[in-house]
Every structure is written in structure tokens, then in C-alpha cells.
Amino acid sequence: MTQAEIVPRPPTAGEREAYCAVERQLAILLRRAKAFSAGMGRKVHPELDPGAYGLLVRIDQSSPMRSSDLAAYLRVGRATISRQLKVLEELGLISRSPDPEDGRAHLLALTAEGRERLDDARAAREGQLRTLLAAWPEEDVRLLARMLERFNTLTEGLNP
């Protein structure tokens with residue numbers, strides 16, 4: 001039996017309360033993560049759009065990569081990603097080079113300045129996380145990372 005064939009039963013009061021608590025905490029996390037990401041973007045470059053920090057991180061993780069692959073990963077249109085990438089390129093944070101497999105496409109990568117600025121921002125972010133989680137045992141920090149990874153894996157195929 002596939003997951004699509006499973007007919008869910010009505011939730012119990014306890015289950016409903018648990019799922020509502022997850023929803024509330026996710027809403028808080030997402031709002032704060034968005035603000036946190038905007039702050040990280042400003043650390044990379046004062047003119048950086050709040051959402052661009054995530055673009056730089058993904059380009060760093062997957063470069064060289066095509067802009068179409070980046071748009072697909074982020075679930076945004078090509079026109080949206082093109083505008084955002086143009087700004088990153090104008091700020092000297094990314095470069096485009098011809099794709100040797102497809103002359104019509106370009107590959108994205110961080111520039112040396114983009115790498116340096118991203119590394120500096122990441123070091124600052126790690127310092128903030130260390131400060132926030134300083135009282136937690138290392139195993140709790142690892143558990144948080146595993147649970148977030150597990151949740152993110154579940155959401156990979158979802159459409160907003």
C-alpha cells in the first residue's frame with residue numbers, strides 16, 4: 001500500500017495539539033530564519049537583497065551550476081532568478097562562464113570576493129549559533145541538526 005492509498009483517520013485531541021504546536025513553532029522559526037538570512041546577506045554585502053544569501057549558499061554548494069537548475073531547486077521562475085543573479089554579478093559576488101556542454105547556457109560560480117564574503121558571513125553565523133546553543137550538550141545540537149535534516153528531506157518534493 002502506498003502512502004497515497006492510506007486513508008487517514010481523524011486525529012485525536014492529543015495529536016491535533018501536537019501538530020498545532022509544530023505548526024506554531026515552524027511559523028516562528030521561518031519568520032526568524034528569514035530575518036536571520038537577511039542579516040547574513042547584509043554581512044556579505046550591504047546592498048544584497050535579503051533572499052540572495054540563500055542563492056550564494058546554493059551556488060557555493062553546487063557550483064558550477066546552471067541558473068535553470070538553481071531556479072528549479074528554489075522553485076522560482078527563470079525571470080526571477082535571472083534578476084537576482086544579475087545583481088549578484090554586478091556586486092562582483094558571482095561569475096558566469098559558458099557551459100561546455102551547452103553553448104546557450106552559462107555556469108554560475110562564486111568569485112574570489114564572493115567566496116571571501118560568504119566565508120566571513122558563515123563564520124559570523126556559526127559564532128551566533130555557538131552563542132545561542134552554548135548551554136546545550138553537543139548531542140542535543142547534533143539531534144537538532146538530524147531532526148531538521150529529516151524534516152527538510154520530507155519537504156523536498158512539496159510544492160508551495
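The legends below describe close-up views of a predicted model. Residues are numbered from 1 along each chain as its sequence is written, and side-chain values use heavy atoms, without hydrogens and water. Local features need pLDDT of at least 70 and side-chain atom pairs pLDDT 80 or more, while totals for chains, interfaces and linings use all residues.

**View 1. Helix α1 crosses helix α5.** The axes of α1 (residues 13-44) and α5 (residues 112-132) come within 8 Å and cross at roughly 140°. Axes are lines fitted to C-alpha atoms over the stretch in contact, with angles from 0 to 180 degrees between N-to-C directions; helices are DSSP runs (H or I, at least four residues), numbered from the N terminus. The two helices are therefore oblique to each other (under 35 degrees is roughly parallel, over 145 roughly antiparallel, 65 to 115 roughly perpendicular, the rest oblique).

**View 2. Helix α2 meets helix α3.** The axes of α2 (residues 52-62) and α3 (residues 67-74) come within 11 Å and cross at roughly 120°, so α2 and α3 are oblique too. Leu55, Arg58 and Ile59 of α2 touch Leu70, Tyr73 and Leu74 of α3 (contact means heavy atoms within 4.5 Å).

**View 3. Arg58 sits over the ring of Tyr73.** Arg58 lies over the ring face, at 3.6 Å from the ring centre of Tyr73. For this, NZ of Lys or CZ of Arg must be within 6 Å of the ring centre and within 35 degrees of the ring normal. Arg58 belongs to α2 and Tyr73 to α3, and both take part in the contact of these helices.
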